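Biologist: I would like to go through this model feature by feature. Please give the general idea, then the case at hand.

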Amino acid sequence: MAIKIIKNRSDIGAGTRGSDMGVDAMEIAAINKTSEYFSKYEFEDVLTENESIYNKVNNSFAKRISSVLNQCTRLSNHVKVNLRQKNFPIVLSGDHSSALGTISGVKGAFPNQRVGVVWIDAHADIHSPYTSPSGNIHGMPLAAALSEDNLEAQINEVSRETADLWERMKNIEVPGTKVLAEDIVYFGVRDTEEPEDKQIEKLDIKNYMVAEVRYRGLEVCVNEALERLSDCDVIYISFDVDSMDCDMISYGTGTPVPKGFDQYEIIQIINKIIQSKKVVCVEFVEVNPLLDFKGNKMAETAFEVLEEITKEIEKLP
Ligand SMILES: NC(=[NH2+])NCCC[C@H](N)C(=O)O
């Protein structure tokens, strides 16, 4: 399998700066353990607009949305082109808003196929500008991919301009819905707000919580998740490092949450899903070395996961 690393150093969808440096922190983690990983695989850099952070005039319910839209559109194109060339894109991003770009690119490459999403994260990221408590777009990528605004739980009065840009976010590559709610499975979500809880309940999205995975068994849960996604033709895995336990691993991420997975569980979950042979793209997000008070621990742990899952991807025909 021809692997292509896509480096997307963008942090403008987050509320805290520094996840744009996560990609380089992982690369330094590799260098420090004398790994050849980053010289072994071909890579591409996605053009960024992190300077948009200096623009103080941004809409508070979807901060820097015009730049996030551009970023997702560019990333989508990188992913789509690589998939069409039969490459396996491993996307290394900053903040999680990027996932909308990646999902759009997968859909763009496979417009007539059903796309499944395995979302490994402490957060549900299913807010829209109408429900977001923070206005940070890294909390919104799944809502855009689903094309679901959740107006029943609206708390924000959104400006016309933001509403128009949000519509464009929902229409990257192909108009509207990229993924059906029944084709999304969460792992490790444990920090949500009320509008998200209502939406998850309404859309009936399954969340394999950390305790459930440990109690019922990881293999049982992953097999069940794959069974749920059995009607999907292709699968995308989104790995947010805050799905891992911040006390055990590291606080080097924008929105750390305790009681998460360890890296061995993450490796097993991802590898078992890759073994289904349906996975076409994997993404890593939210490593923030500026917030890490254990040196570069988060990036080192993320790189450990990256190395192990790449071995599994290498086995694909
Ligand atoms: N990808 C992330 N780290 N998302 C965190 C989102 C936190 C919170 N739910 C918000 O919308 O602001």
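Modeller: Ala-302 touches Met-26, Val-241, Phe-284 and Val-287, leaving aside residues up to four places away in sequence; contact means C-beta atoms, placed from the backbone, within 7 Å. Residues are numbered from 1 along each chain as its sequence is written. The model is predicted: local features need pLDDT of at least 70, side-chain atom pairs count only at pLDDT 80 or more, and totals for chains, interfaces and linings use all residues.

Biologist: What is the mean pLDDT of the protein?

Modeller: Where pLDDT is low, predicted coordinates should not be read in detail. pLDDT is the predictor's confidence in each residue, from 0 to 100; here its mean is 97, and 99% of residues reach 70 or more.

Biologist: How are two packed helices described?

Modeller: By the angle between their axes and the distance between the axes. Helix α9 (residues 218-228) and helix α10 (residues 263-274) pack at about 35 degrees, with axes 10 Å apart. Helices are DSSP runs (H or I, at least four residues), as are strands (E, at least two), numbered from the N terminus. Axes are lines fitted to C-alpha atoms, for helices over the stretch in contact, with angles from 0 to 180 degrees between N-to-C directions.

Biologist: Is Glu-173 buried or exposed?

Modeller: Glu-173 counts as buried because it has 20 C-beta neighbours inside 10 Å. The cut-offs are 20 or more other C-beta atoms within 10 Å for buried, 12 or fewer for exposed, and partly exposed in between, with C-beta atoms placed from the backbone. Glu-173 lies in the loop between α6 (160-169) and β5 (184-187), and its phi is positive, near 65 degrees.

Key
Contact = placed C-beta atoms within 7 Å.
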